[in-house]
Amino acid sequence: MDNVRELALEQARLHGASRIDGITLRIGALAGVEPEALRFAFEVVMAGSIAATAELHVQAVAAEAFCEPCHLSFAVESGLCECPRCGAISRRLLRGRELELASLELV
Ligand SMILES: [Zn+2]
């Protein structure tokens, strides 16, 4: 969350914004982020900055893994990366662990 703050404030500075009105985060289904905890952390981290009153928006990213033998990418349900075709457990997660800045509303 600290690097999200750094990135957001840097973008605001580059664009000469005086305030950040909204911040959209992209969050993977397997990022291990609780929405409640996230909102709390967001408020704490942004307090005292030009993003203190920013609204937090969350863009959920579904988890997706890739099976090497099948060359198949598939949706991951409930954190289990099991290939629906061959049953192998995939170690390659394509998406689903991200916690990153998607967009900003600058004023
Ligand atoms: Zn497979």
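## Exercises on a predicted model

**Exercise 1.** Find the residues that Ile20 touches, leaving out those up to four places away in sequence.

*Solution.* Take two residues as in contact if their C-beta atoms, placed from the backbone, lie within 7 Å. With residues up to four places away not counted, Ile20 touches Ala8, Ala12, Ile50, Ala51, Ala54, Leu104, Glu105 and Leu106. Two points apply throughout. Residues are numbered from 1 along each chain as its sequence is written. The model is predicted, and local features need pLDDT of at least 70, side-chain atom pairs count only at pLDDT 80 or more, while totals for chains, interfaces and linings use all residues.

**Exercise 2.** State how many helices and strands the protein chain has, and their order.

*Solution.* Helices (H or I, at least four residues) and strands (E, at least two) are DSSP runs, numbered from the N terminus. By this count the protein chain has two helices and six strands. From the N terminus on, the order is α-β-α-β-β-β-β-β. The radius of gyration is 17 Å, well over the 13 Å of the globule rule for 107 residues, so the chain is more spread out than a compact globule. That radius is taken over C-alpha atoms, and the rule is 2.2 Å times the number of residues to the power 0.38. Along its principal axes, the C-alpha trace spans about 55 × 25 × 15 Å.

**Exercise 3.** Identify the residues of the largest nonpolar core and the element that gives the most to it.

*Solution.* A nonpolar core is a set of buried Ala, Val, Leu, Ile, Met, Phe, Trp, Tyr and Cys residues joined through C-beta atoms within 7 Å. A residue is buried if 20 or more other C-beta atoms lie within 10 Å of its own, exposed if 12 or fewer, and partly exposed in between. The largest core has ten residues: Ala8, Ala12, Ile20, Ile23, Leu25, Ile27, Phe42, Met46, Ala51 and Ala54. At least two residues come from each of α1, β1 (20–28) and α2. Strand β1 gives the most, with four residues. Another core of five residues lies apart from this one, and includes Ala29, Ala63, Ala65 and Cys81.

**Exercise 4.** Give the strand order of the open sheet of three strands and name its edge strands.

*Solution.* Two strands pair if DSSP finds at least two bridges between them. The order is β4-β3-β5, with antiparallel pairing. The edge strands, β4 (72–75) and β5 (92–95), each pair on one side only. Strand β3 (residues 64–67) is joined to β4 by four bridges, and Glu64 stands opposite Ala75 in β4.

**Exercise 5.** Decide whether His71 counts as buried or exposed, and describe its phi.

*Solution.* His71 is in the loop between β3 and β4. His71 counts as exposed because it has 8 C-beta neighbours inside 10 Å. Its phi is near 50°, a positive value in a residue other than glycine. Most residues other than glycine have a negative phi.
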